[in-house]
Amino acid sequence: MKQLCKAAGGLYLALLYLFVAGPLLFVIATSFNPATSFPAPFEGLTLSWYTAILARPEFLSGAGVSALVAALASALAVMVAFLAAYALSRPGGAGGRGAMATLLASPLLVPQVVLSLAMLQLASAWGVGTGFWGLVAAHAVYVMPFALRLVLTGLARFDFAVEEACRSLGGGWWATWREVTLPLLRPSLVAGFTFCFILSFVNLPLSLFLTSPSTATLPIVMFAYIESRIDPMIAAVASVIVLVAGLATILLDRYLHVRLVD
Amino acid sequence: MPELVLSHITRRFSGHTAVDDLSLTVRDGEFVCLLGPSGCGKTTTLRIIAGFERADAGRLTLDGTDITHAPPEKRDIGLVFQSYALFPHKTVAENIGFGLKMRRRPRAEIARAVEEALALVRLDGLGGRYPRALSGGQQQRVALARALAIRPRLLLMDEPLSNLDAQLREEMRVEIRRIQQQLGITAILVTHDQSEALAMADRVAVMAHGRLQQMAEPAAIYEAPATAFVGGFIGQVNTLEGQVEQAGAEGAVLSLPGGTRLAGQGEGLSAGSAARALVKQERLTLSRTEPAGLPNRFPCRVTERTYLGGSIAYRCEAANLSLTALLPNHPLFERFSPGDEGWIGFSAADCAIFPC
């Protein structure tokens, strides 16, 4: 009976993994299929779809824009998240912390397309173009709650007495942050940054109303591409993204002992 | 020259007063223990001295300079935390040298001071380790060394021994006292453990409800408590409530409900008012025969015996009162069993009466 339960549990887990990873594996497999349509039966193995990416400059520039937007938005988000989480976690801080944390997480509740549209309307109401920085701002607003959650978790395990120890030893508040608080929160901050970066990098709906040809992000370029045709090159692009995100996650886990995925 | 002076320090939190008009002086080179139950304001007092809590009223001077509003990093006060609060990402040596690094001392001087501090707390050779690789007792020593390395004007310790096991705690009491004496440093230790306070301090300051109850040498705190709170808080005590029948310089008489009368001593008593007698358990005698010399003596029956190792506690029921006597576990002292009949007694000097 006990063994039967164990077997059933194992089967359940296997199905779960298959359900989660299956589509991904299918996409990766497709990227090596020489057939020109998508989906199609397997005809062999080729790397030609990967070399085809190199021939399309808009994908490379899109990746560049996405990386820059993701880096800037994540840096901004982590900075804001750290300051907010720090204020929310400090002993002897103001009341209403629960309400404040919920308010800060509220961008998660707004559909991303709406956030994108709202940013566009706000910019036009102020009579300024959204441009590159509008894109960065929208991404920062959207990813900040994820960083906030991670930093709050990190701070929950932080002994604020070490800050007092630092101050009693002669460190001012800046020295205390530099020497004690930030180094001890580094895993949360790095994890927050990486998580935000990935979320921003692959995000499509936020960018829908905010990009111009010069600021088209990679997901926008991909979206435009599959509007006209579907071939396995798009699967190759997706596979590269998955590979990079996966590598980042593994490196974090290995060298910083930060878990993005449990 | 007085070193640290607190005058009329008050700290209110929403609704309650944590520290209430506290004035005390810690002399140069003195070791003072702030003792009291949890919530008595002792930790808040320590945090006010360290600069992490502001005083709503009152003044704080160290070495003649007013530090009431000085930020913690400008006070030159060494602090040992209950959780030790070592920097987990820094080595033992970096922890100890941190205060000097903040003071921008030359590297060679820091290295020398770290070596000295390690030797002082007997951790020579462990400078390269990280705190997590040390035992609780060793972490405690690092915390002490780190606080002392800056050559502070004052050393503050917040329940530093409460996370150690019993044997290590006894050892560290002696150790901290030795280091304090060796350096001649002025020190304040906060504790709720009375034996710790009595064993370590030059003077003990007992606090309750944010107020200073008594500040005196350990023997005076134990044997001549100034208030009913101190008398009841320190040691194991029998408490008896009644009415003052007679009060004067030569002694007082307390009448208990049921008519039993106790001879004792007390000040500020007036006949007819309610009062409380406190008798330390080890000052009671328990014998088979009537103890002729003692003014307070009652025939009793032993109802309960608790074996404590070094001593034995007997719970005894006399006519109208129930008392506990703590007798040494020694062949010279008679043993009793529950059900035994005997006499319980104590002198008038050991019966302290306080108005209540």
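Modeller: This is a predicted model. Chain B is divided into domain 1 (4-226) and domain 2 (236-355).

Biologist: How many helices and strands does chain B hold, and how many does chain A hold?

Modeller: Chain B has eight helices and 20 strands. Chain A has 10 helices and zero strands, and its elements, read from the N terminus, run α-α-α-α-α-α-α-α-α-α. The C-alpha trace of chain A spans about 70 × 70 × 30 Å along its principal axes, while that of chain B spans about 75 × 45 × 35 Å.

Biologist: What makes a residue count as buried, and what percentage of each chain does so?

Modeller: A residue is buried if 20 or more other C-beta atoms lie within 10 Å of its own. In chain A, 34% of the 262 residues count as buried; in chain B, 42% of the 356 residues do.

Biologist: What makes two residues count as being in contact, and how many residues does each chain give where chain A and chain B touch?

Modeller: Two residues are in contact if their C-beta atoms lie within 7 Å. The contact takes 17 residues from chain B and 15 residues from chain A. On the side of chain B, strand 6 (77-80) and helix 2 (92-102) are the elements that give two or more residues. Helix 2 of chain B gives the most, with three residues. By class, this side of chain B has 12 nonpolar, three polar and two charged residues.

Biologist: Which strands of chain B form the open sheet of five, and why do strand 15 and strand 18 stand at the edges?

Modeller: The order is 15-19-16-17-18, with antiparallel pairing. Strand 15 (285-287) and strand 18 (322-328) of chain B each have a single partner strand, so one side of each is left without a neighbour in the sheet. From one strand to the next, the twist averages 45°.

Biologist: How do you know that strand 15 and strand 19 of chain B pair?

Modeller: Two strands pair if at least two bridges are found between them. Strand 15 and strand 19 (residues 341-346) of chain B have three bridges, in the antiparallel sense, and therefore count as paired. B:S287 stands opposite B:W343 in strand 19 of chain B.

Note on methods
Residues numbered from 1 in each chain as written. Chains lettered and ligands numbered in written order. Predicted model: local features only at pLDDT ≥ 70, side-chain atom pairs only at ≥ 80, totals over all residues. Helix = DSSP H or I, 4+ residues; strand = E, 2+ residues; numbered from the N terminus. Buried ≥ 20, exposed ≤ 12 C-beta atoms within 10 Å, placed from the backbone. Domains from an automatic or database assignment. Nonpolar A, V, L, I, M, F, W, Y, C, P; charged D, E, K, R; others polar. Axes fitted to C-alpha atoms, helices over the stretch in contact; angles between N-to-C directions.
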